[in-house]
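Here's a quick briefing to get you oriented. Take a look at the sequence and structure first, then read on.

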Amino acid sequence: MSEVILRTEGLCKHFGGLQATHEVSLSFERGVTHGILGPNGAGKTTLINLLSGELAPSSGKIFFKDYDITQATSDKVSRIGIGRSFQKTNIFADFTCFQNCWVGAQSRLSSSMRFIRPARHLREVHRRTDRALQLCGLAERRNIQASSMSYGEQRQLEIGMMLATEPELLLLDEPLAGMGSEESLKITELLKELAKEHTLILIEHDMDAVFAVADRLTVMVNGAELETGDVAQIRNSTAVQEAYLGSSEDAA
Ligand SMILES: Nc1ncnc2c1ncn2[C@@H]1O[C@H](COP(=O)(O)OP(=O)(O)OP(=O)(O)O)[C@@H](O)[C@H]1O
Ligand SMILES: [Mg+2]
């Protein structure tokens, strides 16, 4: 059995009386692409926000490679190798692709490498920036200002910014949201490529993309895990069809 890279134990997040996630206990294995499905408001983004340190849980625990990161801040979580992208695009519109990825690389290196010489530090930031641009497919567009690019390319750039932090585990919140079919295919291919060298946790409403990319799927409903299994199991699950797929236009 492969190594569990991330694990949650009874993770709960309440907003006042609302239980956004409820007793979520999941294991994510290294090298496995794990899709998270569920209707609007199911608690998917909240779960990612808890894993990335953006939100602190009301109760429960989170372990990354056996380290308890339940109380870790988003900055710390990023530095230990967990990258995330946001449901809404989160780039610097006035910056070029290169500058955006530079910000990503810098954010991870600034505190961890503050004792090394500035010249070496700069070379390392540069190396990571170049690599991220290459990986996300924007190397040729490095000097283009983000605001002048298509929406699809902006989403690609956001993935690039995350890759510049050199994460082992990627948390992706609807990377295909709002894209046309051509752009979706391009990002789906990019995700497949990234999955070769990273562990991915992927929230996505686009069923074709999820089924194409994910090895394992968890369906969430009302903040709780409904079912976890491989793609065939989830496709054929009556509980899932009733609770989610049946009410989704994507599945029609
Ligand atoms: N900061 C917050 N304060 C109060 N309620 C919140 C907050 N964030 C999320 N919620 C509520 O928690 C529930 C889960 O929201 P969440 O964004 O995690 O769902 P989701 O599965 O990502 O939905 P979607 O598919 O629409 O993105 C929703 O009812 C939402 O309104
Ligand atoms: Mg969401």
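**Quick tour of the predicted model**

The centres of domain 1 and domain 2, taken over C-alpha atoms, are 25 Å apart; the domain bounds come from an automatic or database domain assignment. This is a predicted model, where local features need pLDDT of at least 70, side-chain atom pairs count only at pLDDT 80 or more, and totals for chains, interfaces and linings use all residues. Residues are numbered from 1 along each chain as its sequence is written, while chains are lettered from A and ligands numbered from 1 in the order in which they are written.

**The two domains**

- Domain 1 covers 1–81 + 168–252 of the protein chain, and domain 2 covers 93–166.
- Ten residues of domain 1 touch 13 residues of domain 2, with contact meaning that C-beta atoms, placed from the backbone, lie within 7 Å.

**Where H5 meets H6**

- The axes of helix H5 (residues 151–163) and helix H6 (residues 181–195) come within 10 Å and cross at roughly 15 degrees. Axes are lines fitted to C-alpha atoms, for helices over the stretch in contact, and angles run from 0 to 180 degrees between N-to-C directions.
- H5 and H6 are therefore roughly parallel to each other, a label for angles under 35 degrees.
- From H5, the contact uses Gly152, Arg155, Gln156 and Ile159, and from H6 it uses Glu183, Lys186, Ile187 and Leu190.
- Sorted by class, the residues of this contact are three nonpolar, two polar and three charged.

**Around ligand 1**

- The residues surrounding ligand 1 include Phe15, Leu18, Asn40, Lys44, Thr45 and Gln87; a residue is near a molecule if its C-beta atom, placed from the backbone, lies within 6 Å of it.
- Strand E2 (18–24) and helix H1 (44–51) each supply at least two residues of this shell.
- H1 has the largest share, three residues.
- The shell has four nonpolar, seven polar and one charged residues.

Key
Helix = DSSP H or I, 4+ residues; strand = E, 2+ residues; numbered from the N terminus. Nonpolar A, V, L, I, M, F, W, Y, C, P; charged D, E, K, R; others polar. Parallel < 35°, antiparallel > 145°, perpendicular 65-115°, else oblique. Contact = placed C-beta atoms within 7 Å.
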